[in-house]
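Here are a few friendly notes to read alongside the model. They are meant to be followed with the viewer open.

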Amino acid sequence: MPRPLKPSMTKVEMYPIASVTLSDRQFLSGDEGGTPVTVVGELRVAQGSGRLPVVVLMHGSGGVGGNIAAWSRTFNAIGISTFVIDGFSGRGITATSTNQAQLGRLNLIMDIYHGLEVLAKHPRVDPERIVLMGFSRGGQAALYASLERFHKRWNRSGLQFAAYLPFYPDCSTTYRGDTELVARPIRIFHGGPDDYNPVRTCKAFVERLKAAGRDVELTEYPDSPHGFDIGLLGANMLAISPKAQTVRNCRITEGEGGLLMNAETQQPFTYQDACVEFDPHVGGNPATAEAARQAVTDFLRTLFKLS
């Protein structure tokens, strides 16, 4: 039986996060010559005393949405604080769904690492119990933020996440050294019929990670489209996301000097490539959203040693 959620009062604190906007090539090559930017983090301090565990939540291409609010309520109710990072507003972006080239795919990882610098200084945050969770574009960030190479180059907070929880990420890009991860568990949650970020590419990546001895698991839910956890708000629907770009049939690899290449054409990848398609489906499934909520909370109760 699912554990009932108790109402929880939280203290809300807003923090500026000094980050930087980089091209993907700059990020991958270690070039710091980007544009400084200030993004925002919303910390909801759960009820409890002393230093508390925290889940960092990273949004997808549509910006901070209702599913993130639902997850925040879930975590706050069991004594876990939440830190929601908005990587768009400070950059003057509302959404990237129909124009993913507006922002390099790796910038949200920069925001996440800089957000850790804020949490590292907070007296109510347990630095050993911080988990990263992300959705779609933010799920991609939550997945690849685990690369050891990226940590060594860009994470200057002195902290590491205790675990990574990507929801329906895009796994179509192969980065150099992408099986060399920090020694923390990764739990991926995906929908079988997702035609925005197909689960098949994540399955292939998970196979490579397991072959390398990494602690990674993928849970696939049937009848669960992209964004299925909006079912936590009661949404039970399936709809086309008009003109949204999907790289579901692209294979992208990191080439020399951090240049992302279209593996089929052997040319630099762009969102004008023929493999980029449009109008994927999005939707909600209350049943599988609840199953995912239960799986995540069970995992965190064990990881964080909660009663």
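1. With 100° about the S-S bond, the link between Cys-250 and Cys-275 is right-handed. This pair bridges distant parts of the chain, 25 residues apart: Cys-250 sits in the loop between β11 (245-246) and β12 (252-254), and Cys-275 in the loop between β14 (267-268) and β15 (277-278). Their sulfur atoms are 2.1 Å apart. Cys-250 and Cys-275 are both buried. Please keep in mind throughout that this is a predicted model.

2. The other link to look at joins Cys-171 and Cys-202, with 2.0 Å between the sulfur atoms. This link is right-handed too, with 80° about the S-S bond. Here again distant parts of the chain are tied together, 31 residues apart: Cys-171 belongs to the loop between β6 (163-167) and β7 (173-174), whereas Cys-202 lies in helix α6 (residues 199-211). Cys-171 and Cys-202 are both buried.

3. How many disulfides does a search of the whole structure find? There are two. Counting bonded cysteines along the chain, the pattern is 1-2, 3-4. As a reminder, a disulfide is a covalent bond between the sulfur atoms of two cysteines.

4. Next, have a look at Ser-224, in the loop between β9 (216-221) and β10 (237-240). Is Ser-224 buried or exposed? Its relative accessible area is 0%, and the cut-off for buried is under 20%, so Ser-224 counts as buried.

5. What does the side chain of Ser-224 meet there? It makes a polar contact of 2.7 Å with the side chain of Thr-288. A polar atom of the Ser-224 side chain also lies 2.8 Å from the backbone oxygen of Pro-222. Setting aside neighbours within four places in sequence, the residues in contact with Ser-224 are Gly-191, Gly-192, Pro-193, Asp-194, Asn-285 and Thr-288.

6. Now to the empty spaces. Rolling a probe the size of a water molecule over the atoms shows where such space is left. The largest pocket has a volume of about 400 Å³. It is lined by 22 residues, and those closest to its centre are Gly-62, Asn-67, Tyr-168, His-226 and Gly-227.

7. Which elements supply at least two residues each to the lining of the largest pocket? They are α2 (66-77) and β16 (281-284). The largest share, three residues, comes from α2. By class, the lining has 14 polar, seven nonpolar and one charged residues.

8. The search of the whole structure also finds one cavity of 30 Å³ or more. The largest cavity holds about 160 Å³ of space. Of its 13 lining residues, Gln-100, Gln-140, Asp-170, Asn-197 and Tyr-271 are the closest to the centre.

9. For the lining of the largest cavity, α4 (137-144) and β11 each supply at least two residues. Its residues divide into seven polar, three nonpolar and three charged.

Methods:
Residues numbered from 1 in each chain as written. Predicted model: local features only at pLDDT ≥ 70, side-chain atom pairs only at ≥ 80, totals over all residues. Heavy atoms only, no water. Helix = DSSP H or I, 4+ residues; strand = E, 2+ residues; numbered from the N terminus. Buried < 20%, exposed > 50% of the residue type's maximum accessible area, 1.4 Å probe, protein only. Polar contact = N/O pair within 3.5 Å; in protein donor to acceptor, adjacent residues only side chain to side chain. Contact = heavy atoms within 4.5 Å. Disulfide = S-S within 2.5 Å. 1 Å grid on protein atoms, 1.4 Å probe; cavity = no way out; pocket = protein on both sides within 12 Å on 5 of 7 lines; lining within 4 Å. Points joined across faces, edges and corners; volume = space filled by probe spheres on them. Nonpolar A, V, L, I, M, F, W, Y, C, P; charged D, E, K, R; others polar.
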